[in-house]
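We will pick out residues and look at what surrounds them.

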Amino acid sequence: MGNNYNIQRNVPEPSKEDIQKFMDFDALLKAHQNAETPQEGAVIRMFTSPREGQIGSRMRRRIVMGSGLAAAAAVALLLIVRSLNDLPTPAQSQAVADAYFAQQPIVNPPLASVEPKGRPIKVSAAEGGTLDLNAGTRLVIPRTAFQSDRGQLIESGDVDIYYREMHDAVDFFVAGVPMTYDSAGTRHYLQSAGMIEIIALQNGQPVGMAPGKTIRIELSSNIAAQADGSWPSFKVYHLDTEARNWVFYGQSAMVFDNPSNTEQLEGMSAVDRLNAEKAAILTADPKPEAPMKPVKPDGKAVSFELDLKNGDIPIEPGSESEVADLKNKGIWQVLPNCPPFNLGELELTWKSVRLRKLTNEQGYELTLLDDGKQLRLLVQPVMTNKDYEKALQQYEVALAESEKELAEWEKRTTEKIAALENRYNQETSDKGTTASTQTRQVRHIFDINAFGIWNCDRPAPLAKNSFRIRMIEDQNGTRYPNQTAYLSDENGQSIYQLHTGRGSTVYFDQKKEYLLWMMTPEGKIALVKTKPEWAQSNPKKGVKLKVQTIDRAIRNEADIRKVLGNE
């Protein structure tokens with residue numbers, strides 16, 4: 001018995017034109033129903049001989065079977081069309097998005113003309129320095145902290161430091177910095193307390209950090225308390241542009257700059273919280289120091305000359321303010337409580353010096369440094385007769401001014417503490433009142449060992465709610481199927497980039513309001529606010545996003561903030 005079956009494998013998918021031929025499924029089904037009526041038998045009766053009738057009978061069965069196959073084909077085509085209307089699987093869409101972003105630069109500013117251009121800050125390569133920047137940020141750069149691209153230590157000349165900070169979603173958007181963090185196969189989004197970018201050039205050529213050297217960063221920002229009233233901790237990450245990922249570097253120390261009016265510290269009684277806030281008031285507004293009374297040499301103590309203001313010896317970073325307070329020309333007398341030392345060490349040549357004012361004493365800690373060696377002395381500046389008389393007159397004027405400042409300080413501090421105590425008394429009498437702080441200004445303190453982009457943040461998992469994009473279309477009918485979109489919630493601590501392709505998944509918290517936006521090819525912003533009901537949308541069908549293209553030219557960051565409502 002021969003094999004009369006014609007089995008075809010790997011049949012190609014029907015083309016759009018083929019599908020269109022069979023789109024009228026009602027007509028196709030009607031044809032199938034008509035094929036089973038007696039009219040089909042009339043065709044068989046055209047054969048007159050018995051043999052022809054037998055053949056006709058077989059033909060009729062074949063005709064009926066053919067009609068059944070046509071109906072099955074109609075159902076198959078219906079399933080094909082329906083599957084084409086469904087979205088790709090999440091895995092397929094993610095693969096498309098990954099391939100899209102893999103072709104984009106890891107740092108990809110959407111508008112190069114808007115990206116801020118920083119001004120260089122000159123720093124001596126040999127001496128380093130402390131840079132006090134806007135908003136309370138400080139950079140402490142040690143001596144000989146730079147090396148050339150060939151690994152040679154840079155010991156002379158100035159280095160140009162370019163520095164900028166990023167604190168909210170608009171900053172991250174303008175910079176084109178990614179905020180995703182992949183760890184152990186899990187994707188997170190970085191909730192940032194502040195991000196910095198720092199690079200260094202000498203004579204227009206990039207320089208790097210010398211081995212073993214670090215730059216101390218004190219980054220000022222505002223942070224929000226957590227739901228339980230406690231304060232979040234933050235970690236430090238460095239953007240590895242070659243690995244295209246953030247690399248964990250260490251923990252950030254956090255120092256509160258301003259007192260809280262309603263701080264609630266976990267585990268503390270009301271009295272302990274009150275005392276903590278009193279201490280915070282005094283930290284933020286310290287008691288004015290009385291001027292240092294000039295002193296004459298007593299003729300018995302060891303004294304030596306060291307003029308820190310003439311620039312002969314470099315000053316270590318952090319000592320500048322102490323040196324600026326000095327009034328004399330540099331004669332020092334060793335205090336009686338100074339640890340023992342060898343007098344011959346004063347005759348040595350020292351490379352740098354560090355100066356620190358002693359607490360509650362009329363003196364300083366003076367440390368002489370030279371590549372691993374150091375001499376620590378407790379000293380006070382002294383003056384000769386002529387200089388002493390002049391300094392004494394200046395001291396009396398400064399003392400009168402200091403006493404006036406002290407009286408004013410005592411008045412305002414007393415008022416602040418009294419108001420604080422009244423508030424706490426009211427809170428303890430009102431059981432329904434709870435103390436909680438919304439935001440505080442803090443300084444994040446950490447060291448960096450390389451130039452580039454650094455982020456002080458905490459990783460957060462993807463939101464539990466999500467929806468899938470079916471298409472993105474603006475009010476003019478323009479669609480955006482293959483570009484980068486950005487999503488951020490109202491706190492603006494993070495931003496994540498997503499692909500606008502069909503089936504892309506958008507993660508969001510339906511209890512929060514998010515803004516999704518993108519740049520059009522014409523350089524305008526198209527945006528839409530998320531809706532909570534999108535979280536209940538059919539994942540196979542997705543959501544059609546109707547964005548609003550704002551007819552406003554984007555010339556600078558202020559234009560972006562105005563359009564996004566973040567002014």
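## A loop to start from

Select Asn 203, which sits in the loop between S7 and strand S8 (205-206). Its phi is near 55 degrees, a positive value in a residue other than glycine. Asn 203 counts as exposed because its relative accessibility is 72%; exposed means over 50% relative accessible area, buried under 20%, and partly exposed in between (1.4 Å probe, protein chains only).

Before moving on, a word on what you are looking at. This is a predicted model, in which local features need pLDDT of at least 70 and side-chain atom pairs count only at pLDDT 80 or more, while totals for chains, interfaces and linings use all residues. Residues are numbered from 1 along each chain as its sequence is written, and side-chain values use heavy atoms, with hydrogens and water left out.

## The whole chain

Now zoom out and colour by secondary structure. The protein chain has 10 helices and 27 strands; these are DSSP runs numbered from the N terminus, helices being H or I of at least four residues and strands E of at least two. Of its 567 residues, 38% count as buried. Among contacts in the chain with a separation of 6 or more, 72% join residues 24 or more positions apart, where contact means heavy atoms within 4.5 Å.

Next, select Ile 141, Phe 146, Ile 161, Ile 198, Ile 215 and Ile 217. These have the most contacts inside the largest nonpolar core, which has 30 residues. A nonpolar core is a set of buried Ala, Val, Leu, Ile, Met, Phe, Trp, Tyr and Cys residues joined through side-chain atoms within 4.5 Å. The elements that give two or more residues to this core are strands S3 (138-141), S5 (158-166), S7 (186-202), S10 (215-224), S19 (439-448) and S20 (452-461).

Which residues touch Ile 161, leaving aside its neighbours within four places in sequence? Show its surroundings and you will find Arg 119, Pro 120, Ile 121, Val 123, Ile 141, Phe 146, Ile 198, Ile 199 and Ala 200.

Move to strand S11 (residues 235-240) and strand S12 (residues 245-251), which run antiparallel and are joined by six bridges. For pairing, DSSP must find at least two bridges between two strands. Leu 239 stands opposite Trp 246 in S12. Four residues separate the two strands of this hairpin. Arg 244 counts as partly exposed because its relative accessibility is 37%.

S11 also pairs with S20, in the antiparallel sense, over four bridges. Select Val 236 and then Cys 456, its bridge partner in S20.

## The largest pocket

The pocket holds about 1200 Å³ of space. On a 1 Å grid over the protein atoms alone, a pocket is an open set of points where a 1.4 Å probe fits, with protein on both sides within 12 Å along at least five of seven lines, and lining residues have an atom within 4 Å of a point. Grid points are joined across faces, edges and corners, and the volume is the space filled by probe spheres set on them. Helix H6 (169-175), S7, S10, S20, strand S22 (484-489) and strand S25 (514-519) each give two or more residues to the lining.

Stay with S22, which four bridges join to the antiparallel strand S23 (residues 496-499). Tyr 486 has Gln 497 as its bridge partner in S23. In this hairpin, with six residues between the strands, Gly 492 takes a positive phi near 65 degrees.

## Last stop: an open sheet

Finally, show the five strands in the order S14-S15-S18-S17-S16, an open sheet with antiparallel pairing. Its edge strands, S14 and S16 (352-357), each pair on one side only. Within the sheet, seven bridges join S17 (residues 364-370) to S18 (residues 373-381), and Leu 369 stands opposite Gln 374 in S18.
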